[in-house]
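Welcome to this structure! Here are a few notes to read alongside it.

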Amino acid sequence: QEVYYNTYNVGDKVWHRWALISTATTPQVYDLPLADGYETYASGYENVYYKDQEGIVSVEISIRKIDGFKTGSYSAIAQLPEGFRPAFMKHNMAYSYGPYGWSAIFVRPSGTIDVYISNDCTSVFGELHFIAKDQA
């Protein structure tokens with residue numbers, strides 16, 4: 001449904017043209033299937049991805065590696081489907097827990113999501129936001 005507004009200029013005593021108000025639709029949110037050996041951090045956390053009406057993909061990650069992450073390791077944790085992938089590799093900083101530290105999350109044009117770990121830890125939390133390849 002389209003929504004419009006108009007304005008009234010008190011000094012000129014004139015109504016101006018009706019203008020369309022931009023509206024947004026809530027994106028469909030999908031569970032992010034994790035690779036073997038990984039699970040959602042805990043109850044109340046989620047691993048999801050979605051794409052808004054402008055083609056911006058968001059990925060939210062809250063994972064735990066069952067046998068723990070090792071310092072300096074790269075791990076493929078998930079795979080995004082076609083239509084939700086970037087044209088070029090994208091990355092963002094994330095944080096590690098158990099103990100605290102930093103990590104990085106990467107998503108490749110193939111859809112593979114990797115994490116890089118700076119310290120031994122059990123869990124990683126982070127987000128990625130990028131324009132989908134089919135929107136670029």
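Predicted model: local features only at pLDDT ≥ 70, side-chain atom pairs only at ≥ 80, totals over all residues.

1. Residues are numbered from 1 along each chain as its sequence is written, and side-chain values use heavy atoms, with hydrogens and water left out.

2. Start at Glu60, which sits in strand S8 (residues 56-69); strands here are DSSP runs (E) of at least two residues. Glu60 counts as partly exposed because its relative accessibility is 21%, and that class lies between buried (under 20%) and exposed (over 50%), using a 1.4 Å probe and protein chains only.

3. Next, look at the strands beside S8. S13 (121-131) pairs with S8 in the antiparallel sense over ten bridges, where pairing requires at least two DSSP bridges. Glu127 in S13 is the bridge partner of Glu60.

4. S7 (residues 48-51) is also antiparallel to S8, with four bridges. These two strands form a hairpin with four residues between them, and Gly55 in the turn has a positive phi of about 85 degrees. Lys51 stands opposite Val57.

5. Finally, the largest nonpolar core has 23 residues, with Val59 and Ile61 among those with the most contacts inside it. S8 gives the most to this core, five residues. Such a core is a set of buried Ala, Val, Leu, Ile, Met, Phe, Trp, Tyr and Cys residues joined through side-chain atoms within 4.5 Å.
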